[in-house]
Amino acid sequence: MARTIEQFIASGDIEIGALDSKSRIAPVTQNGKPVLLTLSASPELTTPFSPWPSYDGGERCSVDLRMTPQLGDLADHLDEMVQRIVGANPTTWFSKPPKNLDQMYNSARRPASKEGYSDTFRTKCSLRDKSASFKAWDLEKRQALNIDELKNLDWPNCRLAIVAQLSGVYFQASGYGAVVNIKSIGLRAASAECPFAFLGDEE
């Protein structure tokens, strides 16, 4: 069962498992169970971008969520916990611990690229040709969304309710950091009605 961010933060440390040599990701559990998190139970989250593919042009995509106080708390908690656990036993995941290990950590918090913009919280998903790695529903129509609808969706014009999984910690030559994968999304399109429509009623 998914927990709230507050419940997760209060529940102690995670366990980071052995590194998978192919994916370069070490799985994460807590008390031996997967870590499922409700990032928002109601459609309150937003993203400035549609899901965009990773550097290799593959099916893996990033979904950057505008930062909220709760997501900020989660990012800070992950930053402290993951760096502390990895720093205490770096040879568990690095054959030769880098001298600049303290500078290699990549936070889920992505700093705003321009002044006046908000930071974002990075999550991941996969959008394949015929399926997605997560379940999605249109909250207005109360129906599931297929892959074509997801790809054509105006994501920045939607509000999102999201359950995600803290799936692991990735380790690469360029750095390491937490992997937060989207598991399910409820989407609600923003109203298309003009907010000044009432002016037309004036004499």
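How many aromatic pairs does the count come to? The count comes to five aromatic pairs, where rings of Phe, Tyr and Trp (its six-membered ring) pair if their centres lie within 6.5 Å, with planes under 30 degrees apart counted as stacked, over 60 as edge-to-face and the rest as tilted. This is a predicted model, in which local features need pLDDT of at least 70 and side-chain atom pairs count only at pLDDT 80 or more, while totals for chains, interfaces and linings use all residues. Residues are numbered from 1 along each chain as its sequence is written, and side-chain values use heavy atoms, leaving out hydrogens and water.

**Aromatic rings**
- Tryptophan 93 and phenylalanine 171 are stacked, at 5.7 Å centre to centre and 0° between the planes.
- Phenylalanine 94 and phenylalanine 171 form an edge-to-face pair, because their centres are 5.3 Å apart and their planes are at 85°.
- Ring pairs join Trp93, Phe94, Tyr105, Phe171 and Tyr176 into a cluster.

**Nonpolar core**
- Leu39, Leu78 and Tyr176 touch the most other members among the 50 residues of the largest nonpolar core, a core being a set of buried Ala, Val, Leu, Ile, Met, Phe, Trp, Tyr and Cys residues joined through side-chain atoms within 4.5 Å.

**Cysteines**
- A search of the whole structure finds zero disulfides, a disulfide being a pair of cysteine sulfur atoms within 2.5 Å.
- The sulfur of cysteine 125 is 5.0 Å from its closest cysteine sulfur, in cysteine 61, and is therefore too far for a bond.
- Cysteine 125 has 0% relative accessibility and so counts as buried, a term that means under 20% relative accessible area, with exposed over 50% and partly exposed in between (1.4 Å probe, protein chains only).
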